[in-house]
Amino acid sequence: MLTFLALASVVLLGIVPEQSQAIVIYTGWERHALVGSDIRLSCSFFSWRWTSEDVTFSWTYRPDGSRDSISIFHYTGGVPYVDNKGPFRDRLEFVGNPGRRDGSILLKNLEFTDNGTFTCDAKNPPDIVGRPSSVRLLVFEKVPIQAGVITGAIIGVVLGLLVLIVVIYYLMRFLVARRVFSLSVSKHGKKKKEGSQQRQGPVPPADPSKIKV
Amino acid sequence: MLLLLLGIILLHLAALVLLFVSTIVSVWSTSETSTSDLWRNCSTAVNGEYHCNPASTGEWIQAVQAVMILSIIFSCLSLLLFFCQLFTLQKGGRFFLTGTFQILASLFVMSGAIIYTVTSHYWVLGTYAFGYSYILAWVAFPLALISGLIYVILRKRE
């Protein structure tokens, strides 16, 4: 009875996960870029199975405000097929490594019309059940300054200068105090020497008279 | 003597309170349907909704924000220094440090108000008039300046 239960549980554990496996695809959530620059859209996946030779990657593009998607990239049978008719002809390059489950593409020379959603779909046979993942591309004319950066910078600089001035002031006071202290020591030493010389002066003439007597 | 001390402290506190109100309350410029300040633009839409947006991330408004905050910080520091110096300064000494900080605070308010006056059309759209927080900032400037000058000429007695 117990052995039957053990065998059944091992078999069930062996079968069930295979059926509930699904491929999980990762892309970014949102990407910002400047007009005229290049951007790399990354796509990778997680699968319980080894990476098969028939792994496929495909990218589709949906412009902002449009409902239609257009396919712009497909990798299958070990060969990448790049868009040569659509909006990204001559601007798309495959920079991924399918062996390492990386299906990233490089978009060159971005334009304002490239604003939109890019969807990556990867399949790793026999693991083909999965949800494609999307990344939104935003193209800017110039990078907007984040709120509070300049505020923080000005406040930081002024307070930093204040702290610096206070530190320098106390440092100067400390140094001058030390110098004053050492000055008075040397003066005191000089005074001592002069005083002893004066005392020695009148003493010698007195001695010969004493010795004579 | 005590009366003089109280008067000076009240003047300083008045300037400080004006600075706080001016920086925090949202009425630097007003128009018929909206008010805006250093931190956000609030407007009443046509259907009666009251809706606030964060102030645009422009360079000049951030500079005004920073300068107003700095003036508050310097004014508070000057108040603390006043109490410190009250007990530690030797007889006949002047409250130079306190006065310096207070004068710096007043200069910051002045520059903040000037920058806002000159560049406010960049982020307040439409026709607008200046609100009472703006006026309070301009009033805080001479109060702080006078307070700082009083500190500089004041001498400590026994």
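The legends below describe close-up views of a predicted model.

**Figure 1. Overview of chain A.** Chain A has 213 residues, of which 26% count as buried. Its secondary structure consists of 3 helices and 12 strands. Among contacts with a separation of 6 or more, 58% join residues 24 or more positions apart. The accessible surface comes to about 15300 Å², and carbon and sulfur atoms hold 63% of that area.

**Figure 2. The open sheet of 6 strands in chain A.** The strand order is 2-12-10-5-6-7, and the pairing is mixed. Strand 2 (30–34) and strand 7 (79–82) are the edge strands, each pairing on one side only. On average, neighbouring strands of this sheet are turned by 20° against each other, direction ignored. Within the sheet, strand 5 (residues 56–63) and strand 6 (residues 70–76) pair in the antiparallel sense over 5 bridges. A:Thr60 has A:Ser71 of strand 6 as its bridge partner.

Figure 3. A:Phe118 belongs to strand 10 (residues 116–123) of chain A. This residue counts as buried because its relative accessibility is 0%. Leaving aside neighbours within four places in sequence, its contacts include A:Leu41, A:Trp59, A:Tyr61, A:Ile72, A:Phe88, A:Leu107, A:Val135 and A:Leu137. A:Ser133 and A:Ser134 are also among the contacts of A:Phe118.

**Figure 4. A:Ser58 and its contacts.** A:Ser58 is located in strand 5 of chain A. Its relative accessible area is 16%, so A:Ser58 is buried. Beyond the neighbours within four places in sequence, A:Ser58 is in contact with A:Phe73, A:His74, A:Thr119, A:Cys120 and A:Asp121. A:Asp121 also forms a salt bridge with A:Lys123, with 3.3 Å between the closest N and O atoms. A:Lys123 counts as partly exposed, at 29% relative accessibility.

**Figure 5. The open sheet of 3 strands in chain A.** The strands follow the order 4-1-11, with mixed pairing. Strand 4 (43–46) and strand 11 (130–131) are the edges, each pairing on one side only. Strand 1 (residues 23–27) pairs with strand 4 in the antiparallel sense over 4 bridges. The bridge partner of A:Tyr26 in strand 4 is A:Ser44.

**Figure 6. Salt bridges between loops and strands of chain A.** The structure holds 6 salt bridges over all chains. One of them joins A:Asp114 and A:Arg91, whose closest N and O atoms are 2.8 Å apart. A:Asp114 sits in the loop between strand 9 (105–107) and strand 10, and A:Arg91 in the loop between strand 7 and strand 8 (92–94), so that the pair links distant parts of the chain, 23 residues apart. A:Asp114 is buried at a relative accessible area of 2%, and A:Arg91 counts as buried at 11%. Together with A:Glu111, these residues are linked in a network of salt bridges. A further salt bridge connects A:Lys108 and A:Glu93 at 2.6 Å, N to O. Because A:Lys108 lies in the loop between strand 9 and strand 10 and A:Glu93 in strand 8, this pair ties together parts that are 15 residues apart in sequence. A:Lys108 is partly exposed at 29% relative accessibility, as is A:Glu93 at 33%.

**Figure 7. A nonpolar surface patch on chain A.** The patch covers about 760 Å² and is made by A:Val157, A:Leu161, A:Leu164, A:Ile168, A:Leu171, A:Met172, A:Phe174 and A:Leu175. A:Leu175 is placed in helix 2 (residues 149–200). With a relative accessible area of 40%, A:Leu175 is partly exposed.

Definitions and conventions:
Residues are numbered from 1 along each chain as its sequence is written. Chains are lettered from A and ligands numbered from 1 in the order in which they are written. This is a predicted model: local features need pLDDT of at least 70, side-chain atom pairs count only at pLDDT 80 or more; totals for chains, interfaces and linings use all residues. Side-chain values use heavy atoms; hydrogens and water are left out. Patches are made of residues with over 30% relative accessible area and no salt bridge: like charges are joined within 9 Å, nonpolar side chains (Val, Leu, Ile, Met, Phe, Trp, Tyr) within 5 Å. Accessible areas come from the Shrake-Rupley method with a 1.4 Å probe; for residues, only the protein chains shown count as cover. A salt bridge is a side-chain nitrogen of Lys or Arg within 4 Å of a carboxyl oxygen of Asp or Glu. Helices (H or I, at least four residues) and strands (E, at least two) are DSSP runs, numbered from the N terminus. Buried means under 20% relative accessible area, exposed over 50%, partly exposed in between (1.4 Å probe, protein chains only). Two strands pair if DSSP finds at least two bridges between them. Axes are lines fitted to C-alpha atoms, for helices over the stretch in contact, and angles run from 0 to 180 degrees between N-to-C directions. Contact means heavy atoms within 4.5 Å.
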